[in-house]
Amino acid sequence: MEGGGKEQVRLSERNCIEIVAKLIAEKQLDVVHTLDGKEYITPAQISREIRDELHVRGGRVNIVDLQQVISVDLLHIESRANDIVKSDRTIQLVLGQLIDEHYLDQVAEETNDKLQETGQVKISDLCKTYDLPGDFLKQVAVCPLHAKMIHFPLK
């Protein structure tokens, strides 16, 4: 044998698939099939891709849209999204959409601009503009973090 006496062994694609399938069956490997069935993805990678997509989309993304981007079953995306919300206080799940603090800051700034411009802002108008529930938008307005950005005009 040349090259230090080590023989190189190559596994066929079929052998690799069988090994992975056995590890999955024995619960030694936690992976999810993609929708096309050609790849596996770890739950941690699903979480990373959800966070990346949330960032790319400016802090707001619909869970259903994530299914098309990440290409895994919606149940896996919902599960990872719920885990993200539980572990990160800056991200919320509202009507099937992940929303982060960056997006809420933007909503607060835009609301403040409109308030300074017109002197009043109706919650119903904000609901239409942002397609979010009124109760949620009221919470954003009174949240100490965002309330600092919204300056109510004095009369």
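A salt bridge is a side-chain nitrogen of Lys or Arg within 4 Å of a carboxyl oxygen of Asp or Glu. The exercises below apply this definition to a predicted model.

**Exercise 1.** Determine how R80 and D83 are paired, and where this pair lies in the chain.

*Solution.* Step 1: the closest N and O atoms of R80 and D83 are 3.1 Å apart. Step 2: the cut-off is 4 Å, and R80 and D83 form a salt bridge. Step 3: both residues belong to helix 4, which covers residues 74-87. They are 3 residues apart there, and so about one helical turn separates them. Step 4: R80 has 22% relative accessibility and counts as partly exposed; D83, at 32%, is also partly exposed.

**Exercise 2.** Identify the network of salt bridges to which R57 belongs.

*Solution.* Step 1: the side chains of D65 and R57 meet in a salt bridge at 3.5 Å, N to O. Step 2: D65 is partly exposed at 28% relative accessibility, as is R57 at 35%. Step 3: E53 joins R57 and D65 in a network of salt bridges. Step 4: the structure as a whole holds 6 salt bridges.

**Exercise 3.** Locate the largest nonpolar core and state which elements contribute to it.

*Solution.* Step 1: in soluble globular proteins, nonpolar side chains tend to be buried together. Step 2: the largest nonpolar core has 15 residues, and those touching the most other members are I46, I50, L66, I70, V72, I77 and L98. Step 3: two or more residues of this core come from each of helix 2 (43-56), helix 3 (63-70) and helix 4. Step 4: a second, separate core has 11 residues, among them I99, Y103, L104 and Y130.

**Exercise 4.** List some contacts of L98, leaving aside residues up to four places away in sequence.

*Solution.* Step 1: contact means heavy atoms within 4.5 Å. Step 2: with those sequence neighbours not counted, L98 touches residues including I50, L54, L66, A81 and V85. Step 3: the contacts of L98 also include G59, R60 and Q92.

Terms used:
Residues numbered from 1 in each chain as written. Predicted model: local features only at pLDDT ≥ 70, side-chain atom pairs only at ≥ 80, totals over all residues. Heavy atoms only, no water. Buried < 20%, exposed > 50% of the residue type's maximum accessible area, 1.4 Å probe, protein only. Helix = DSSP H or I, 4+ residues; strand = E, 2+ residues; numbered from the N terminus. Core = buried A, V, L, I, M, F, W, Y, C linked by side-chain atoms within 4.5 Å.
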